[in-house]
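Me: I have a model open and want to go through it with you. Can you start with the terms and then take my questions as they come?

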Amino acid sequence: KRFEEERQEFEKEKAARLEKERQELEQKKALTEEKKRLEQQMAMKKGFDKDTLIETNRFIFSDLTVKDNKTNLIWARDANMEGKRSRDYIPKFMERLNFQQYGVYGNCWRLPTKQELASLAKYANESSTASDVSGFFNNMGFKNVQPDWYWTDTRTISTKTQYSTVSIISMKKGRAEEVSAITNPAGESYDYYIWSVCSGQK
């Protein structure tokens, strides 16, 4: 009986010790993750790379526009200037931006290609552990980037069916998808967000 009591006491102490070690490990992990999150937040605000904390200077922010030094593209700083719109609305909107010489840039505002917009999403996914792409760019200094789908100017026509698909990019998870003309002619009646880009000619 005494031996059994000692064994039970030993098992209780062992369990208590293991639980204490588990709690200490969880606390250490939480502190590490919090430190990493704060470092990433600081890095994004200062334009630093999240891992090396070396200044990258990839983006130069002005009041209305943001220059991407890697691609030399000029992005509208506000990624939700018009709300969700159908594709047939876009030419008039771009015409207005160019007429106004928005951000002192004229005759260059357009929809981004699938590759151009996807490159932004890829940069966010590689540079942050944020749950969505939009949050990464909004924290960096862009405005009103929505965790939703955005139009691109990339259209693919099937040689077999002659139907076209229009590429859209998600600023939540960064994935690409196609709006198919088979279910909705050219995707024109769908409504998605517009993020204007300029090739940089003043």
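Reply: Buried means under 20% relative accessible area, exposed over 50%, and partly exposed in between, with a 1.4 Å probe and protein chains only. This is a predicted model: local features need pLDDT of at least 70, side-chain atom pairs count only at pLDDT 80 or more, and totals for chains, interfaces and linings use all residues. Residues are numbered from 1 along each chain as its sequence is written, and side-chain values use heavy atoms, with hydrogens and water left out.

Me: OK, what percentage of the residues of the protein count as buried?

Reply: 36% of the 202 residues. The protein exposes about 12700 Å², and carbon and sulfur atoms supply 49% of that. Those areas come from the Shrake-Rupley method with a 1.4 Å probe; for residues, only the protein chains shown count as cover.

Me: How many helices and strands?

Reply: Four helices and ten strands. Helices (H or I, at least four residues) and strands (E, at least two) are DSSP runs, numbered from the N terminus. The order from the N terminus is α-β-β-β-β-α-β-α-α-β-β-β-β-β.

Me: And what share of the contacts join residues at least 24 apart?

Reply: 59%, among contacts between residues at least 6 apart in sequence. Contact means heavy atoms within 4.5 Å.

Me: Which residues in α3 are buried?

Reply: Glu116, Leu117, Leu120, Ala121, Tyr123, Ala124 and Ser127. Seen down the axis of α3, they fall within an arc of 150 degrees, so they line one face of the helix. The arc is that of the directions from the helix axis to the C-beta atoms. On the face turned away from the buried side, α3 carries the exposed residues Gln115, Lys122 and Glu126.

Me: Why is α4 largely enclosed by the rest of the structure?

Reply: Because six of its eight residues are buried. They are Val133, Ser134, Gly135, Phe136, Phe137 and Met140. Just after α4, Gly141 takes a positive phi of about 140 degrees.

Me: Pick one of those. What does Ser134 touch?

Reply: Leaving out residues up to four places away in sequence, Ser134 touches Val145, Gln146, Pro147 and Met171. Its relative accessible area is 4%.

Me: Aromatics next. How many pairs does the structure hold?

Reply: 16 aromatic pairs. Rings of Phe, Tyr and Trp (its six-membered ring) pair if their centres lie within 6.5 Å; planes under 30 degrees apart count as stacked, over 60 as edge-to-face and the rest as tilted. In one of the pairs, Phe59 and Phe142 have ring centres 5.7 Å apart and planes at 80 degrees, so the pair is edge-to-face. Phe59 lies in strand β1 (residues 59–61) and Phe142 in the loop between α4 and β6 (149–157), so the pair ties together parts that are 83 residues apart in sequence.

Me: Which residues do ring pairs link into a cluster?

Reply: Phe59, Phe61, Trp75, Tyr123, Phe136, Phe137, Phe142, Tyr150, Tyr193 and Trp195.

Me: Where do charges sit over rings?

Reply: Arg58 lies over the face of Tyr123, 4.5 Å from the ring centre. The charged end of Arg85 sits over the ring of Tyr89, 4.1 Å from its centre. The criterion is NZ of Lys or CZ of Arg within 6 Å of the ring centre and within 35 degrees of the ring normal.

Me: Back to Phe93. Where is it?

Reply: In helix α2 (residues 90–100), buried at 1% relative accessible area. Not counting residues up to four places away in sequence, Phe93 touches Met81, Glu82, Ile194 and Ser196. Phe93 and Ser196 are 103 residues apart in sequence and 9.5 Å apart in space, C-alpha to C-alpha.
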